Amino acid sequence: MSAASTLRILGIDPGLRVTGFGVIEQTGQQLSYVASGCVRSGNGELPVRLKVLLEGLQEVIATYQPDCAAVEHVFVNVNPKSTLLLGHARGAAICAAVLHALPVAEYTALQVKQAVVGAGKAHKTQVQMMVRKLLRLPGDPSPDAADALACAICHAHGGLGYGGVGIGKRRRRGRLG
């Protein structure tokens, strides 16, 4: 990316009830806030909720026209059912991006927190505060929107992506997935 080109990045924090999204622009080293918010699936049957997430994110993509998407990778938690449901929401998010021919990068929560806060074990409030500072926002975004914006910031900062290969031409060391 040359110093004059601008890259619009959509960050997505998948969740079955609430999926956060954040859109930023990167021009050289400068990051600018474009938009953020949440898509809420409500209650009901799983297929209907996934459709709500898919359509909501497709609307976000159509509105803000990002060049690429960065999605938080599912962590395996203690409850396998919760992990599976989160995986379904993540799948809907990825489908929304690929249906619009967007390249998709995946980042673990650890990678995102390291890129934004500098510590992989950072708390949500620390992520919100750093997102606010990095994007010069007047207040903290909601936790889900902040996580999505953080994912976009991670991508802009040349995050590793799931699997450890950097976006740029060099490989980074010392980061865990």
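Predicted model: local features only at pLDDT ≥ 70, side-chain atom pairs only at ≥ 80, totals over all residues.

Colleague: In what sense do S2 and strand S3 pair, and over how many bridges?

Modeller: Two strands are said to pair if DSSP finds at least two bridges between them, and the elements themselves are DSSP runs numbered from the N terminus, with helices being H or I of at least four residues and strands E of at least two. Here S2 and strand S3 (residues 30-40) pair in the antiparallel sense over 10 bridges, and in their hairpin, which has two residues between the strands, Gly28 takes a positive phi near 60°.

Colleague: What is the order of the strands in the open sheet, and which are the edge strands?

Modeller: The five strands are ordered S3-S2-S1-S4-S5, with mixed pairing; S3 and S5 are the edges, since each pairs on one side only. From one strand to the next the twist averages 20°. As a general idea, side chains in a regular strand alternate between the two faces of the sheet.

Colleague: Is strand S2 largely enclosed or open?

Modeller: Buried means under 20% relative accessible area and exposed over 50%, with partly exposed in between, using a 1.4 Å probe and protein chains only. Eight of the 10 residues of strand S2 (residues 18-27) are buried, so this strand is largely enclosed by the rest of the structure. For the chain of 177 residues, 44% count as buried.

Colleague: How should I read two helices that pack, and at what angle do the axes of H3 and H5 cross?

Modeller: Two packed helices are described by the angle between their axes and the distance between the axes. Axes are lines fitted to C-alpha atoms, for helices over the stretch in contact, and angles run from 0 to 180 degrees between N-to-C directions. The axes of H3 and H5 cross at roughly 75° and come within 8 Å. That makes H3 roughly perpendicular to H5, given that 65 to 115 degrees counts as roughly perpendicular, under 35 as roughly parallel, over 145 as roughly antiparallel and the rest as oblique. Gln111, Val112, Ala115 and Val116 of H3 make the contact (heavy atoms within 4.5 Å) with Ala150, Cys151, Ile153 and Cys154 of H5.

Colleague: Which residues touch the most other members of the largest nonpolar core?

Modeller: In soluble globular proteins, nonpolar side chains tend to be buried together. A nonpolar core is a set of buried Ala, Val, Leu, Ile, Met, Phe, Trp, Tyr and Cys residues joined through side-chain atoms within 4.5 Å. In the largest one, which has 21 residues, Ile24, Tyr107, Val131, Leu135 and Ile153 touch the most other members, and H5 gives the most to this core, with seven residues. A second, separate core of 19 residues includes Ile12, Leu57, Val71 and Ala96.

Colleague: Where does Val131 lie, and what is Val131 in contact with?

Modeller: Val131 lies in helix H4 and, at 0% relative accessibility, counts as buried. Leaving aside neighbours within four places in sequence, the contacts of Val131 include Val116, Leu149 and Ile153. The C-alpha atoms of Val131 and Val116 are separated by 7.2 Å, although the two are 15 residues apart along the chain.

Colleague: What should I make of the phi of Gln65 and of Arg136?

Modeller: Most residues other than glycine have a negative phi. Gln65, in the loop between H1 and S4, has a positive phi near 50°, and Arg136, in the loop between H4 and H5, has a positive phi of about 55°. Gln65 counts as exposed at 53% relative accessibility, and Arg136 counts as exposed at 53% as well.

How values were computed:
Residues numbered from 1 in each chain as written. Heavy atoms only, no water.
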